[in-house]
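The sequence and the coordinates come first, and the commentary follows.

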Amino acid sequence: MSDGTRGTRSFPSRPTKIHIPDSVLIDLRQRLERTRLPEDAGNEDWYYGVPRSYLEELVDHWRDEYDWRAAEAEINRYQHYMVDIDEVPIHFMRRPGVGPNPTPLILTHGWPWTFWHWSKVVDLLADPGAHDGDPAEAFDVIVPSFPGFGFSGPLTNRPDLNFWKVADLWHTLMTEVLGHEKYGAAGCDVGALVTAQLGHKYADELYAIHIGSGLKLTLFNGDRAWDFSGGLPIPHSLPEEVRARITELDRRFAVHLAAHLLAPSTLAHGLSDSPAGMLAWILERWYKWSDNGGDIETVFSRDDLLTHATIYWATNTIGTSIRLYANHNRYPWTPSHDRLPVVQAPTGITFVGYENPPGIGTDQRVEHFRAGDRAEWYNHVNLTVHDRGGHFIPWEIPEQWTSDLRRTFRGRR
């Protein structure tokens, strides 16, 4: 792995390795040994949530077989940095670009992601020449941990952070700390909202953005942000397959949004005390949101699941990570300008079939977006849809995501 690039100045910071103390890992194992799980008969089909049988297997694996030090060594193949911006501790991973003039690119994850969910695309983006690509399309890749997530913690001085406030931190990181006059940005989940806010507020200083959805920045504004339907019943006049799809999507997100928006601290007390409980809560999202055909281990291996879970547990950041949702609503988004489109930076969007809206097939997805009221929010220049892939797009279909992003930036650097 190259630590430098041609045609760029030296990096302004010195890297430091990720390391979780032995005492934290010993405490984790002891807590796993004392795990008490509930009776859970009749839940083999996940109807009631994560079944005891599978969670018990993962807890046993976490306790007896999972090797964090091996995962840590893999993570430390990349450069890691810690900086403080406006009283917020920020960890970020860097993969230096390999090419004549790599473009700075910041990637933002969501929940229950960690920075490591970008690990399958960073080499493809940074060193395209080593992956049958054009070195002229190389990126210098910056992957922060979202404030209050993982190693960007503990978060004590800024309990009010949300997606649009984090965008300001990212802009300071890229322009003032790292010294880039112009850069690119990409993101998924709430990271797509951060990225869109960058494209809204700082469009003149971005080459382009690429996101995994085309949501409005007002998504979390309003009195019932925790309820996609706003409390309205599903119309009986809709075709049965459309009604079924609406119900399916509601079941994916309802408890997640309601709990995180309405009582994040109450939930956090239990999840911060029990590694098994924390694992169950985030496991359900990995299972229900990924395109796995009913077998999560076709997308995430057991070690993959436990690497992400260990990052949350060892840093005690599950509470600050889930409070983020309440802060989106408590501190509503307001525009920085009244120009249209709202997001003026050139925007690429990757859609995936697993998240198709009710009644819309993959072959209709792009035109459905163009015809809807979200399209006018974006200066969209590259819309792509893939049959495969779920919510964790750069992890699930990394080659397609990378290709889509490159196309968005082509001719705009």
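Pro-154 sits in the loop that runs between β4 (139–144) and α5 (163–177). The model is a predicted one. The peptide bond leading from Gly-153 into Pro-154 is cis, and its omega is near 0°. A cis bond also joins Leu-340 to Pro-341, where omega is about -5°. Pro-341 belongs to the loop between α11 (318–330) and β7 (343–352).

Asp-86 is not a glycine, yet its phi is positive, about 50°. For Glu-87, also a residue other than glycine, phi is positive and near 70°. Are these side chains buried or exposed? Asp-86 has a relative accessibility of 52%, so this residue counts as exposed, the cut-off being over 50%. Glu-87 reaches 54% and therefore falls in the exposed class too.

| Site | Angle | Value |
|---|---|---|
| Gly-153 to Pro-154 | omega | near 0° |
| Leu-340 to Pro-341 | omega | about -5° |
| Asp-86 | phi | about 50° |
| Glu-87 | phi | near 70° |

**Ser-265 and helix α8**

Ser-265 is part of helix α8, which covers residues 264–271. How exposed is Ser-265? Its relative accessible area is 31%, and because this value lies between 20% and 50%, Ser-265 is classed as partly exposed. From Ser-265 to Glu-284 the separation is 19 residues in sequence, and the C-alpha to C-alpha distance is 19 Å.

**Nonpolar core**

Which residues have the most contacts inside the largest nonpolar core? They are Trp-62, Leu-107, Trp-111 and Trp-286, in a core of 123 residues. Helix α9 (residues 275–289) is the element that gives the most to this core, contributing 10 residues.

**Annotated N-terminal span**

An unreviewed UniProt entry annotates residues 14–117 as "domain: Epoxide hydrolase N-terminal". In the model, this span is 32% helix and 20% strand.

Methods:
Residues are numbered from 1 along each chain as its sequence is written. This is a predicted model: local features need pLDDT of at least 70, side-chain atom pairs count only at pLDDT 80 or more; totals for chains, interfaces and linings use all residues. Side-chain values use heavy atoms; hydrogens and water are left out. Helices (H or I, at least four residues) and strands (E, at least two) are DSSP runs, numbered from the N terminus. Buried means under 20% relative accessible area, exposed over 50%, partly exposed in between (1.4 Å probe, protein chains only). A nonpolar core is a set of buried Ala, Val, Leu, Ile, Met, Phe, Trp, Tyr and Cys residues joined through side-chain atoms within 4.5 Å. UniProt positions are given in the numbering used here, feature names are shortened, and annotations may be inferred rather than shown by experiment.
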